[in-house]
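Hi everyone, thanks for coming.

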Amino acid sequence: MKMKKRPNILLTGTPGVGKTTLGKELAQQTGLTYVNIGDLAQEGQLYDGYDHEYQCPVLDEDKVVDELEDRMTEGGVIVDYHGCDLFPERWFHIVFVLRTDNTRLYSRLESRGYSGKKLQDNVQCEIFQTIYEEAVDAYREDIVHQLPSNTPEDLERNLDQILQWTQQWMKDHN
Ligand code: DAT
C-alpha cells in the first residue's frame with residue numbers, strides 16, 4: 001500500500017511572532033510532525049562556532065539540512081525557524097511568514113528576557129520585514145503568505161486557514 005502524500009509547511013518570521021505556538025497546535029490538529037530547528041540543532045549539536053555579539057551558537061546549516069533531508073523527502077513536516085534561505089526550495093509546498101505589530105513584539109521579547117541590542121535588533125528585523133523579504137527571495141512568490149499574528153483570534157484564524165489548506169492539498173495529491 002502506498003503511503004499518503006503529505007505536505008511540508010514552513011513557519012517563519014522574527015523571533016516572538018508565534019511560530020512555535022502555531023506550529024505545535026497545527027501539528028496536533030493535522031497529525032503532521034512539528035520540527036523546531038533551534039531544538040533540533042541543540043539536540044544534535046549542529047553548530048559551527050559561537051556568536052559572541054549575540055551570545056549564541058552559530059547554526060551549521062549544512063548539517064541541519066542533512067539531518068532533515070530524509071524526513072522532508074517523505075513529507076508531512078512543519079518546520080519552525082526564524083530564517084528561511086538555508087533550506088532547499090524544493091522542500092516546501094507552502095511558506096507562512098508570521099507578522100506582529102512592533103509594540104506587541106517588543107513586550108513579548110521583553111518578557112522572554114531579551115534586552116538591549118538583542119531586543120532592538122529583533123524588533124528592527126520585524127519593522128524592516130527582513131524575513132518576509134528573505135522568503136520571497138528564496139521561494140516562489142505564490143507559495144509565500146504573510147499571516148498577522150497579534151491576538152488569540154489571529155491564531156485561531158491562522159490555524160483554520162492552514163488546516164483547510166492542508167486538507168485540500170491532501171485531496172489534490174492522493
Ligand atoms: P516564536 O516561536 O515565533 O518565537 P512563540 O510561539 O514562542 O514565538 O510566541 C511568543 C509569545 O507570544 C508567547 O508568549 C506566546 C505569544 N503568542 C504567540 N502567538 C500569539 C498570538 N497570535 N496572539 C497573542 N499572543 C501570541
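I'll start with the ground rules, then go on to salt bridges, aromatic rings and a surface patch.

What you see is a predicted model, so to speak of local features we need pLDDT of at least 70, and side-chain atom pairs count only at pLDDT 80 or more, while totals for chains, interfaces and linings use all residues. Residues are numbered from 1 along each chain as its sequence is written, and side-chain values use heavy atoms, with hydrogens and water left out.

Let's begin with salt bridges. Side chains of opposite charge can pair when their charged atoms come close. Here a salt bridge means a side-chain nitrogen of Lys or Arg within 4 Å of a carboxyl oxygen of Asp or Glu. By this rule there are eight salt bridges.

Take Glu126 and Arg99, which meet at 2.8 Å, N to O. This pair links distant parts of the chain, with Glu126 in helix H5 (residues 116-127) and Arg99 in strand S6, 27 residues apart. Helices (H or I, at least four residues) and strands (E, at least two) are DSSP runs, numbered from the N terminus. Are these two partners buried or exposed? Glu126 counts as buried because its relative accessibility is 3%, and Arg99 is buried too, at 17%. For us, buried means under 20% relative accessible area, exposed over 50%, and partly exposed in between (1.4 Å probe, protein chains only).

Arg90 also has a salt bridge, to Glu69, with the closest N and O atoms 3.0 Å apart. Arg90 is exposed, at 59%.

Now the aromatic rings. Rings of Phe, Tyr and Trp (its six-membered ring) pair if their centres lie within 6.5 Å; planes under 30 degrees apart are stacked, over 60 edge-to-face, and the rest tilted. That gives five aromatic pairs. In one of them, Tyr81 and Phe87 have ring centres 6.3 Å apart and planes at 80°, so they sit edge-to-face. Tyr81 is buried at 13%, and Phe87 is buried at 5%. Trp91 and Phe92 are edge-to-face as well, with centres 6.2 Å apart and planes at 75°.

A negative patch includes Asp48, Asp66 and Glu141; patch residues have over 30% relative accessible area and no salt bridge, and like charges are joined within 9 Å. Which helix gives the largest share? That is H3, with four residues. Asp66 is found in H3 and is exposed, at 60%.

Terms used: Patches are made of residues with over 30% relative accessible area and no salt bridge: like charges are joined within 9 Å, nonpolar side chains (Val, Leu, Ile, Met, Phe, Trp, Tyr) within 5 Å. Accessible areas come from the Shrake-Rupley method with a 1.4 Å probe; for residues, only the protein chains shown count as cover. Lys and Arg count as positive and Asp and Glu as negative; His and the chain ends are not counted. The place of a charge is taken as NZ of Lys, CZ of Arg, CG of Asp or CD of Glu.
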